[in-house]
Amino acid sequence: MNINALTDLYIKHTGSQPENITELPSSGSNRRYFRLTGVADLIGVIGTNLQENEAFIYMSSHFREKCIPTPEVVAVSDDRMTYLQQDLGDTLLFNAIEKGRLTKSFSAAERELLIKTIRLLPDIQFAGAVGFDFSKCYPSSQFDVRSIMWDLNYFKYCFLKATGIEFQEDRLEDDFQAMAEVLMRSQSGTFMYRDFQSRNVMIKDGEPWFIDYQGGRRGPFYYDVASFLWQAKANLPDSLREELIKEYIDSLRKYQPIDEQYFMEQLRHFVLFRTLQVLGAYGFRGYFEKKPHFMQSVPFAIANLRALLKHPYPEYPYLNRLLNELVNLKQFTDGLGKNTLTVKVMSFAYKKGIPNDASGNGGGYVFDCRAINNPGKYERNKPFTGLDKPIIKFLEDDGEVFDYLEHCYSLVDSTVKRYKERGFSNLMVCFGCTGGQHRSVYCAQHMAEHIHKIHNVKVELIHREQNIEQNFTVKD
């Protein structure tokens, strides 16, 4: 099959020669895409698999009948190996949210695109399944135990073995079977997109359109949510992911009632399964086919897996242990600590100057404690610091220090959360008072303890004028 077949099909459909034919970048598949311009701008597709072509052509027609935004297939060759479809432009959702992906700080416009997309997902899953002939799906008509085991073994042979980890195959298979049983309890008659991710969504006139759904089949809707929100390179912060889950559930309620607690419990298993499935794909495409794009995604998927394992999966004890060994391999942990957040908390005296920021970031929060009632104005308090009981009692009996710190906590908590999400490595929080002995020492001490307790990050506490240092390490 060559490009002449596309030209012939374009002429047959439009009555004119295409003025220009440009090949578009390839994706992970063997299909080739071309943009044909002239009296009509169309996308030409040269497929290599007849059944896959048939699946896409059928699904596109069906979804458009259901008013779901998918490209229209306008012409198909007699042998069904070549077809022309609507040109949706060049903007993938993946590229439209690029700044957010790179910085983990998503703009209002980027967030809106993600919300629109996730709210549209139930339409193709539920409305798209009405009257759908699942026998047209390729390579499988439904998500079943056999397809689950295919994907898990894909992970085992194409990724796990490639890392060099030794494992007991029979024990691993036992846990794979247990996972299949958990996943299968969510079977439904919905359409499962299967590869629902930001590279398979186009943005046209500010609205999302679905593409590359030809691998879809009957299956549970959890799978697509896991695919989209835990896509390796999506780099979504937890706060945004939680927001998008709420948007999805709200849209899903158009079609069925939802028990949110059960939804979240079951989703967690699909996230693990999907993560293992994509690692298998990355292993095959990267280790075996030597495609660098897929190897570049591995660290992101490993990071997702590492985060998932913070809450163990007791249903799969051997797999859980093996995956913890996997994410701690040297090849996946080198440089891991580079983006671990350290918060430096300092107390100081204003008369000796605001502390310099040794990290080179120019400093962070500087809170002025001088408005708080000063215990140092009483001679009896001069020998003590903000760490001593007489000063603690003085400040706490007065009470205003509690309100003051609550305001400080609120600001610092939000910043620490965002810094962790964005992979920043340093934050500085300073408290100053007249002598750097009472009020600032008390506040800095309490802030350091609060940050460590709430956020479990490394905290370096320095009472500058007292020459006192204390380190709080990350808890396991």
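**Exercise 1. Classify the exposure of arginine 32, and identify the salt bridge that its side chain forms with glutamate 23.**

Step 1. Arginine 32 has a relative accessibility of 37% and therefore counts as partly exposed, since buried means under 20% relative accessible area, exposed means over 50%, and partly exposed lies in between (1.4 Å probe, protein chains only).

Step 2. The side chain of arginine 32 meets that of glutamate 23 in a salt bridge, at 3.0 Å from N to O; the term requires a side-chain nitrogen of Lys or Arg within 4 Å of a carboxyl oxygen of Asp or Glu.

Step 3. Glutamate 23 is partly exposed because its relative accessible area is 43%.

A note on the basis of these values: residues are numbered from 1 along each chain as its sequence is written, and side-chain values use heavy atoms, with hydrogens and water left out. The model is predicted, so that local features need pLDDT of at least 70 and side-chain atom pairs count only at pLDDT 80 or more, whereas totals for chains, interfaces and linings use all residues.

**Exercise 2. Describe the chain as a whole: how many helices and strands are there, and how many salt bridges does the structure hold?**

Step 1. The chain has 16 helices and 14 strands, where helices (H or I, at least four residues) and strands (E, at least two) are DSSP runs numbered from the N terminus.

Step 2. Along the principal axes, the C-alpha atoms fill a box of roughly 100 × 55 × 45 Å, and 50% of the 476 residues count as buried.

Step 3. The salt bridges number 24 in the structure, and a network of them links Arg31, Glu52 and Asp212.

**Exercise 3. Which parts of the chain does the pair of arginine 119 and aspartate 250 link?**

Step 1. Arginine 119 and aspartate 250 form a salt bridge in which the closest N and O atoms are 2.9 Å apart.

Step 2. Arginine 119 lies in helix 5 (residues 108–126) and aspartate 250 in helix 9 (residues 238–252), so the pair links distant parts of the chain, 131 residues apart.

Step 3. With a relative accessible area of 27%, arginine 119 is partly exposed, and aspartate 250 counts as partly exposed at 41% relative accessibility.

**Exercise 4. Examine the hairpin of strand 7 and strand 8.**

Step 1. Strand 7 (residues 201–204) pairs with strand 8 (residues 207–210) in the antiparallel sense over 4 bridges, and methionine 202 has tryptophan 209 in strand 8 as its bridge partner.

Step 2. The hairpin has 2 residues between the strands, and aspartate 205 in the turn has a positive phi of about 55°.

Notes
Pairing = 2+ DSSP bridges.
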